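Biologist: Before we discuss labels, please put the model on the screen. I would like each term set against its cut-off.

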Amino acid sequence: MAEQKTVVLTGASRGIGHATVKRFSAEGWRVLTCSRQPFDDRCPWPGGEENHIQIDLADPSKTVQAIEVIREKLNGRLDALVNNAGISPKGPDGARLSTLDTDLRTWGQVFHVNFFAPVVMARGLQVELVAAKGAIVNVTSIAGGRVHPFAGAAYATSKAALAALTREMAHDFGPLGVRVNAIAPGEVETAILSPGTDKIVDQLPMRRLGQPFEVADAIWFLCSPQSSYISGTEIEVNGAQHV
Ligand SMILES: NC(=O)c1ccc[n+]([C@@H]2O[C@H](COP(=O)([O-])OP(=O)(O)OC[C@H]3O[C@@H](n4cnc5c(N)ncnc54)[C@H](OP(=O)(O)O)[C@@H]3O)[C@@H](O)[C@H]2O)c1
């Protein structure tokens, strides 16, 4: 019987990450989940608690420590790393934080979680990813390519940087046999959305929000053999919002 494949997934506790856990589990993969929350007993899959790593990606030293915990759980191979955790801080009353009113601490937190953590995770798990000829998927955003009415400046620039990082990583990891891609969601129905998103929905070509499972399906594709010659690309998952 073929060896069970393993994915490490950050931001697994809610939204797109949670849907991605379900997708990979349904395909028979072992899913190592990472988030700030401890393991939730309501998660029904076998080995869930053993496969959960509590990690605060805003804290670089804790992230490096957690990578060692992950490596101990891996048996030397990692088939996929999905850098999905992300934060999108808002001002008072949910206001958009612009370049004029985002404090430096907030910029730093956003960049640690959304941008530095993906490269630190990938480098920390490099040996295992190379051993499995694995795939990395970074979750960017439509806000990385244009000013967005709700997503703040720190968030948008962190996602633009993550898209650039995806290209750099594809270049560097390619010779090692590891593919690196990104998916850029538009408006997906999760807790990260801002009040008022319904107004954007009326403008979207498909006239509806995306569902987390629709993003999880794209992530799954980029980790599967069906995408074996795709690397260094960013797939828009937004119902044609970008046109
Ligand atoms: N929903 C959308 O419309 C949309 C659009 C474009 C891009 N995205 C991107 O898609 C990804 C997932 O978003 P989502 O909508 O599913 O968001 P979400 O529902 O807010 O979930 C975010 C996840 O990230 C984790 N997380 C947040 N801060 C963390 C930290 N410091 N350390 C570790 N984990 C942390 C959270 O877990 P804990 O709270 O347990 O730590 C949670 O599991 C993000 O990168 C987001 O930017 C979403």
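Modeller: Buried means under 20% relative accessible area, exposed over 50%, and partly exposed in between, with a 1.4 Å probe and protein chains only. This is a predicted model, in which local features need pLDDT of at least 70 and side-chain atom pairs count only at pLDDT 80 or more, while totals for chains, interfaces and linings use all residues. Residues are numbered from 1 along each chain as its sequence is written, and side-chain values use heavy atoms, with hydrogens and water left out.

Biologist: Which residues of helix 2 are exposed on its other side?

Modeller: Gln 65 and Glu 72 are exposed there. Helices are DSSP runs of H or I with at least four residues, strands are runs of E with at least two, and both are numbered from the N terminus.

Biologist: What makes the buried residues of helix 2 line one face?

Modeller: The buried residues are Thr 63, Ala 66, Ile 67 and Ile 70. Seen down the helix axis, they fall within an arc of 115°, so they line one face of helix 2. The arc is that of the directions from the helix axis to the C-beta atoms.

Biologist: What do these buried residues pack against?

Modeller: They pack against strand 1 (6-10), strand 2 (30-35), strand 3 (52-54) and helix 3 (104-124). Contact here means heavy atoms within 4.5 Å.

Biologist: Why is the pair Arg 23 and Asp 217 called a salt bridge?

Modeller: A salt bridge needs a side-chain nitrogen of Lys or Arg within 4 Å of a carboxyl oxygen of Asp or Glu. The closest N and O atoms of Arg 23 and Asp 217 are 2.7 Å apart, so the pair meets that rule. It links helix 1 (residues 15-26) to helix 7 (residues 212-223), with the partners 194 residues apart. By this rule the count comes to eight salt bridges.

Biologist: How do you know that Asp 59 and Lys 62 qualify as a salt bridge?

Modeller: Their closest N and O atoms are 3.6 Å apart, which lies within the cut-off, so the label applies. Asp 59 has 22% relative accessibility and therefore counts as partly exposed.

Biologist: Why is Asp 79 called buried?

Modeller: Its relative accessibility is 7%, under the limit, so Asp 79 counts as buried. Asp 79 forms a salt bridge with Arg 77, the closest N and O atoms being 3.1 Å apart. Salt bridges with shared partners join Glu 3, Arg 77 and Asp 79 into one network.
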